[in-house]
Amino acid sequence: MSRTRTGIRELDDMLRGGFLEGDAVLVAGSAGTGKTTLALQYLVNGITQFRERGIYLTFEQLPTQLYRDAESFGWDLRKLEDENKLRLICTSPNLLQETGGEENILTEPIREVQPQRIVIDSLSHLAMYTDEKDMRKELYRLIMLLKARSLSSLLIWEANQMAGQSLHISDLGSSFLVDCILLLKHVEIESSIRKALVVLKMRGSDHDKRLREFEITPTGVNVSAPFTQYEGVLTGSPHRSLTEEAANNWALAFGKNKQKHS
Amino acid sequence: MNTGELVARLLASEVRGDILALFHRNPGIIDTLEGVALRIGKRAESIEEDIKDFVDLGILRARRIGNSKVLSLNRERDRETQQLLAEHVKNSSAGSSEQP
């Protein structure tokens with residue numbers, strides 16, 4: 001199976017080598033969890049490490065903001081655009097739904113850049129302009145359009161969820177239409193807000209089911225160890241789990257107690 | 001049209017400067033007249049004529065996507081115009097420094 005590597009080593013390990021090529025991946029999380037950074041890094045790494053060109057389609061942020069934000073990580077998006085390896089498109093959500101006629105909004109950029117990767121930022125913004133009853137059909141149409149062009153896509157979804165609140169799969173909109181779901185989340189641990197990510201679903205592949213801590217560093221996303229010492233992190237109310245040693249002590253004590261009474 | 005006339009036409013009003021700056025800083029904008037107006041805090045009807053002129057000058061491209069007419073920057077023409085502007089500014093400042 002061909003994989004689309006993110007270039008973030010620990011994340012690729014979680015994904016058993018990367019996303020499956022051509023898959024539609026939902027990246028969900030509340031504001032400030034790092035969705036845009038992760039998506040930009042996915043495209044920049046695609047270009048610089050794997051020779052895969054990309055398109056970033058945004059409804060919200062102007063490209064000039066993205067250029068500036070990317071610069072702080074050392075990513076020169078303008079240069080990549082000049083080299084025709086990347087295209088930042090800023091448009092209105094209703095235009096993405098215009099499918100009549102010979103062209104759609106992506107026809108020309110796809111022809112010019114010949115990308116393998118695309119980011120749509122964001123589906124939640126698209127949903128604001130779409131009737132709830134039509135959203136499933138529109139999302140299906142979009143995913144099929146991207147798949148027809150053999151594009152591996154990251155679809156960003158801004159979830160209304162804060163640290164301390166649990167997130168339900170139904171909050172993620174039409175999550176059943178996508179192939180993979182990556183959830184980014186704020187968690188409160190010992191009075192500080194930390195970031196966690198988990199692969200909630202990956203159709204057709206095994207993946208790491210553990211919740212991992214990650215940070216936004218000056219060079220981008222850095223995924224670290226799983227939250228082994230805490231339970232209930234995904235619910236937003238984490239508590240220290242029994243350590244292995246403590247669990248063994250309980251088992252030992254239980255064993256001794258049993259012997260004593262036998 | 002000479003460079004001076006082109007520059008005068010491009011920068012005939014503040015709103016024209018806003019539109020040019022928007023597209024120059026964000027060359028990836030592909031949007032409707034309403035969308036472009038929204039991004040500079042204006043209403044569509046207030047920028048319609050300026051946009052039409054930029055399309056006539058070849059700075060912006062207008063094309064149809066589905067039922068919508070969309071506008072985008074003609075990157076090649078923008079590069080040429082930027083070069084002309086730079087030369088114009090250089091010549092203007094050289095000319096003014098020669099004056100007694």
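**Reading the labels**

Modeller: Happy to, and let us start with K42(B), which sits in the loop between helix 3 (33-39) and helix 4 (44-57) of chain B. Please keep in mind that this is a predicted model.

Colleague: Why is K42(B) called partly exposed?

Modeller: Its relative accessible area is 37%. Buried would need a value under 20% and exposed one over 50%, so K42(B), at 37%, is partly exposed.

Colleague: Which residues does K42(B) touch, leaving aside those up to four places away in sequence?

Modeller: They are V15(B), D18(B), A37(B) and I47(B). V15(B) is 27 residues from K42(B) along the chain, and their C-alpha atoms are separated by 8.9 Å.

Colleague: What makes T81(B) a buried residue?

Modeller: T81(B) has 3% relative accessibility. The limit for buried is under 20%, so T81(B) counts as buried. This residue belongs to helix 5 (residues 75-98) of chain B. Beyond residues up to four places away in sequence, T81(B) touches L6(B), L10(B) and I59(B).

Colleague: How is chain B built as a whole, from the N terminus on?

Modeller: The order of its elements is α-α-β-α-α-β-β-α, which gives five helices and three strands. Its C-alpha trace spans about 55 × 25 × 25 Å along the principal axes. Of the 100 residues in chain B, 41% are buried.

Colleague: And what does chain A contain in helices and strands?

Modeller: Chain A has nine helices and 13 strands. Buried residues account for 52% of its 262 residues. Among its contacts between residues at least 6 apart in sequence, 65% join residues at least 24 apart.

Colleague: Why do you say that the buried residues of helix 8 of chain A line one face?

Modeller: The buried residues are M135(A), E138(A), L139(A), L142(A), I143(A) and L146(A). Seen down the helix axis, they fall within an arc of 135°, so they line one face of helix 8 of chain A. The face turned away from this buried side carries the exposed residues K133(A), R136(A), K137(A) and A148(A).

Colleague: What do the buried residues of helix 8 of chain A pack against?

Modeller: Their partners in chain A are strand 3 (24-29), helix 5 (93-96), strand 6 (117-121), helix 7 (123-128) and strand 7 (152-158). Just after helix 8 of chain A, S150(A) takes a positive phi of about 55°.

Colleague: Which residues have the most contacts inside the largest nonpolar core?

Modeller: They are L96(A), L106(A), I120(A), L123(A), L146(A) and L155(A), in a core of 38 residues. Helix 8 (residues 132-148) of chain A gives the largest share of this core, five residues. Another core, of 36 residues, lies apart from it and includes I8(A), W75(A), L197(A) and M202(A).

Colleague: What makes helix 3 of chain A one-sided in its buried residues?

Modeller: P63(A), L66(A), Y67(A) and A70(A) are buried in helix 3 (residues 63-71) of chain A. They fall within an arc of 105° seen down the axis, so they line one face of this helix. These residues pack against elements of chain A, including helix 2 (35-50) and strand 4 (54-58), together with helix 2 (14-25) of chain B.

Colleague: How many residues meet where the two chains are in contact?

Modeller: 21 residues of chain A are in contact with 19 residues of chain B. The area buried between the chains is about 1,600 Å², with 46% from carbon and sulfur atoms. L95(A), E98(A) and E108(A) supply 28% of what chain A buries against chain B, more than any other three residues.

Colleague: One last point: why is C90(A) called buried?

Modeller: C90(A) has 0% relative accessibility, so against a limit of under 20% it counts as buried. C180(A), at 1%, counts as buried too.

How values were computed
Residues numbered from 1 in each chain as written. Chains lettered and ligands numbered in written order. Predicted model: local features only at pLDDT ≥ 70, side-chain atom pairs only at ≥ 80, totals over all residues. Heavy atoms only, no water. Helix = DSSP H or I, 4+ residues; strand = E, 2+ residues; numbered from the N terminus. Buried < 20%, exposed > 50% of the residue type's maximum accessible area, 1.4 Å probe, protein only. Contact = heavy atoms within 4.5 Å. Core = buried A, V, L, I, M, F, W, Y, C linked by side-chain atoms within 4.5 Å. Arc of directions from axis to C-beta. Buried area = accessible area lost by both parts, 1.4 Å probe.
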